[in-house]
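Subject: Structure handover and notes

Hello,

Please read them with the structure open.

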Amino acid sequence: MFVALMAALVVAGWASSRALADEVDGPGAPAGVYASPPSLVGQSTGFELETPAEAGAQPIASSYVLPLPEAVPPFPILLSRSVRRYVSDFLNSAEHLQDTFDRSHPYLPDMVRVLRSYGLPDDLVYLAFAESEFSKRGRGPWQFNYGTAKRFGLRIDRYVDERRDPVMSTRAAAEYLATLHDEAGDDWPMTVIAWNNGDKAIDRYWSLRGPNIEKFGNRLPRRTRGLLGRFMAVAYIAHHADSFGITPIKLDDPPAYQMLPVSGGTPLSRVALNHGTTLQRLHELNPALLRDVVPPYERSYSVRVPLDTHASAEHVEF
């Protein structure tokens with residue numbers, strides 16, 4: 001009798017465990033085996049949080065997926081006394097600022113589309129103006145150092161320096177800014193501070209953050225205050241271009257060029273001849289190309305060709 005009673009209890013316990021396993025894992029999972037580990041929510045793991053944003057972190061997806069296109073709130077532009085001074089400085093050299101906007105015009109639509117694809121506000125495109133006055137020379141519009149450029153997939157060698165390409169470098173900048181924005185708990189000013197000072201700056205300056213953003217700004221390094229001031233000033237002027245006698249900035253115009261796949265090793269002079277343009281114009285549109293030839297190690301490399309030509313856009317072979 002006792003043995004029978006114990007057997008019945010064992011069977012009942014097994015059935016209860018089996019039912020729970022089916023409820024958690026679905027039918028077919030082996031008894032006593034759980035497909036998902038038990039939740040650690042509310043339990044101590046023994047690890048210190050690296051950034052304040054991690055206090056409310058959600059489980060990380062197995063692979064990074066770009067967000068679906070949707071309206072993104074604009075960057076919070078603060079017209080503080082410091083930003084007003086930068087606005088005045090820029091407007092005192094309005095012709096120089098207009099030249100900067102003119103240089104960027106062919107690329108701005110594609111750059112903004114890249115930012116939007118990462119769920120970033122359009123205004124962040126003006127961070128490139130604050131960094132470099134939209135230079136396509138040296139380290140390019142976003143002023144990536146060598147290590148960060150390589151980290152985000154930009155090629156740098158004797159034939160190309162993709163930091164100088166406005167659209168390629170914007171793709172790397174967007175990925176970096178999106179990463180920093182997540183780490184900063186969706187705090188945009190802190191995102192730009194981290195952009196200027198490195199990933200660890202979020203921890204360093206978070207404790208100084210307070211409701212008085214201008215007072216907080218005075219505690220930042222001079223270069224960071226300058227970058228934030230120039231960035232917000234350029235964005236403010238761009239939004240009110242008509243009022244300042246600046247040609248309105250159009251972020252949704254169609255591109256003034258087409259992307260042409262060109263075989264590696266092809267001289268740019270041949271591309272120019274086949275498409276009714278000049279070698280100088282090709283270098284203007286393709287600032288990443290350091291030589292008068294498409295990188296020979298590439299099977300095919302995309303080259304920008306102006307749309308105001310009458311030649312065909314067929315693949316160019318060497």
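I will begin with the strands. β1 (residues 257-263) and β2 (residues 300-306) run antiparallel, and seven bridges join them. Strands count as paired here if DSSP finds at least two bridges between them. Buried stands for a relative accessible area under 20%, exposed for one over 50%, and partly exposed for anything in between, using a 1.4 Å probe and protein chains only.

Some notes on provenance. This is a predicted model, in which local features need a pLDDT of at least 70 and side-chain atom pairs count only at pLDDT 80 or more, while totals for chains, interfaces and linings use all residues. Residues are numbered from 1 along each chain as its sequence is written, and side-chain values use heavy atoms, with hydrogens and water left out.

Confidence

pLDDT is the predictor's confidence in each residue, on a scale from 0 to 100. The protein chain averages 77, and 70% of the residues score at least 70. Over residues 1-70 the pLDDT is below 50, and this stretch has 35 contacts in the model beyond near neighbours in sequence. Residues 310-318 also stay under 50, with 29 contacts beyond four places in sequence. A contact means heavy atoms within 4.5 Å.

Overall make-up

The protein chain has 13 helices and two strands. These are DSSP runs numbered from the N terminus, with helices (H or I) of at least four residues and strands (E) of at least two. Of the 318 residues in the chain, 40% are buried. Among contacts between residues at least 6 apart in sequence, 67% join residues at least 24 apart.

Helix α2 covers residues 81-92, twelve in number, and should span 16 Å at 1.5 Å a residue; its end C-alpha atoms are 17 Å apart, which agrees. The expected span is 1.5 Å times one less than the number of residues. V83, V87 and F90 are the buried residues I would look at in α2. They cover an arc of only 65° around the axis, which puts them on the same side of the helix. The arc is that of the directions from the helix axis to the C-beta atoms. On the face turned away from the buried side are the exposed residues R81, R85 and N92. The buried residues of α2 pack against α3 (94-104) and α11 (222-239).

In α3, the buried residues are L97, Q98, T100, F101 and S104. Seen down the axis they fall within an arc of 155°, so they line one face of the helix. Their packing partners are α2, α4 (108-117), α5 (127-132) and α11.

Helix α8

How many of the ten residues of α8 (residues 188-197) are buried? Ten of the ten are, so this helix is largely enclosed by the rest of the structure. D187 caps its N-terminal end, with a side-chain oxygen 2.9 Å from the backbone nitrogen of M190. Just after α8, G198 takes a positive phi of about 100°.

N196 lies in α8 and is buried, with a relative accessible area of 18%. Leaving aside neighbours within four places in sequence, N196 is in contact with R223, T224 and L227.

Loops

V293 lies in the loop between α13 (279-285) and β2. Not counting residues up to four places away in sequence, V293 touches Y159, G265, T266, P267 and L268. The C-alpha atoms of V293 and R270 are separated by 9.3 Å, with the two residues 23 apart along the chain.

Regards

Terms used: Polar contact = N/O pair within 3.5 Å; in protein donor to acceptor, adjacent residues only side chain to side chain.
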